[in-house]
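Me: I want to go through this structure and ask what stands behind each label. Please set each value against its definition.

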Amino acid sequence: QFQMSASGPISTQGVTPIQFLLNPDKTLAFVLNNVNANGNTSSGSIAVYQVGANGLSTTPLDVQQTGDNPVNMALDPGGNYLVVANHGNGSSGGSVEVLALSTTGQLSSSSTSGSPCTYPFRVVFAPGARGTSSDVVYVACTSPELLGISNPLPTASIYVCEIGELSGSGCTTVSYTSPSNTSNPSNQAFVNFVIDPLNTSYVIAPGTTTGQSGFLLVCTIGSSSTLGCPTSTSSLSSSSWIPSGNVAFGGTSSNPVVYIGNYNPSSFSSNFAACTTSSSSSPTCTTTYSTGAAGPLYLATQGNILYIADTVKPITVSYSGTEIPSGDSFPSTGYLYACSIANTSSPSNCNAHFSNMSAGNTGGWP
């Protein structure tokens, strides 16, 4: 049974909290607010809380203002540096901030050279980071909301940066750049960027294009945290499937598999792909099951089961609140699917029937 903590609901000290992190020893919690407490849309904030037996401290230990439109943050395993991707507002570029973290939970901003790219979207510490200025951070750039509205279209790219570079002279090491946005109208944008937890030699980056075609980029992590990325990407399916962003991991360390939910806004249908990623130069993706509703938003694995939370309606705008398309309506129900992944490359027996749910129905827009 869930019970509210003794302190009750706690203010995040800002507007639209979008990410929550714990430090390695779980004594500090960090909340990233997309907009700061004053409602100033040109900046966000980070609130730091102490974690105790009864939950979080009611008053934050520190609140630090960020740059414009923060969308993602990462904390190194040593608990010394917090890195924030400020995406910018679509007409002006963003920045990558490095914040030093004290043992008492205080954040202090380091001098920063800005972002290595125009629109930073994800920041991820490389395996082996230990809380020093030589730690490597991967910076993935651009995002789907920029496709079709920016001119020229931004370039999807991945940079390999040391903390010292982000705090000093700047980072210039690029491991991937999408085709030229002036000659290729179907430019690329990442929807996620994550290291496979079962095999930390691989980085998974699904994405979409202006032509609404899904793709998968798989990069190999080498010595000194270098990234080996192919010059081309693999298709997630034959036509017009857009990955919903969240991914789930399965398989083994020697045969890693990533599961990616896709939806097609034009036909209001969906499916998920099972992709074998051990060959980064040409990952193999097979569409294995078509879900009954149109928005496979969240996927998770537990043992030999893949769970899929389905929103019923395709996501065409923000799904973080009541922002729905004009003339549309909030769906009254969603679905929860369960699929057997005992055979990782060919899931089976997908169903939406659970003993404590009516035919696998959930509340609206899970």
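Me: Start with a single pair. What is the bridge partner of Pro206 in β17?
Reply: Leu216 in β17 is the bridge partner of Pro206. This is a predicted model, where local features need pLDDT of at least 70, side-chain atom pairs count only at pLDDT 80 or more, and totals for chains, interfaces and linings use all residues. Residues are numbered from 1 along each chain as its sequence is written, and side-chain values use heavy atoms, with hydrogens and water left out.

Me: How do you know that β16 and β17 pair?
Reply: Two strands pair if DSSP finds at least two bridges between them. β16 (residues 202-209) and β17 have 6 bridges, in the antiparallel sense, so they meet the definition. Their hairpin has 5 residues between the strands, and Gln212 there takes a positive phi near 55 degrees.

Me: Which other strands pair with β17?
Reply: β19 (residues 234-235) pairs with β17 over 2 bridges, antiparallel. There Phe215 stands opposite Ser235. β18 (residues 227-228) is also joined to β17 by 2 bridges and runs antiparallel. Thr220 has Gly228 in β18 as its bridge partner. β17 and β18 form a hairpin with 5 residues between them, and Ser224 in the turn has a positive phi of about 60 degrees.

Me: Why is Val124 called buried?
Reply: Buried means under 20% relative accessible area (exposed is over 50%, partly exposed in between; 1.4 Å probe, protein chains only). Val124 has 17% relative accessibility, so it counts as buried. Val124 sits in strand β10. Across the chain of 366 residues, the buried share is 51%.

Me: What does Val124 touch?
Reply: Contact means heavy atoms within 4.5 Å. Leaving out residues up to four places away in sequence, Val124 touches Ala74, Val136, Val137, Tyr138, Phe193 and Ile195.

Me: What makes a group of residues a nonpolar core?
Reply: The members must be buried Ala, Val, Leu, Ile, Met, Phe, Trp, Tyr or Cys, joined through side-chain atoms within 4.5 Å. The largest such core has 21 residues; Tyr138, Ile158, Phe190, Phe193, Val203 and Leu227 have the most contacts inside it. β10 (120-125), β11 (136-141), β12 (157-162), β16 and β17 each supply at least two of its residues. β17 gives the largest share, 4 residues. A second, separate core has 19 residues, including Val98 and Cys161.

Me: Why are β6 and β9 at the edges of their sheet?
Reply: The open sheet of 4 strands runs β6-β7-β8-β9, with antiparallel pairing. β6 (70-75) and β9 (107-109) each have a single partner strand, so one side of each lacks a neighbour in the sheet. Inside this order, β7 (residues 81-86) and β8 (residues 95-101) are joined by 6 bridges. Leu82 has Leu99 in β8 as its bridge partner.
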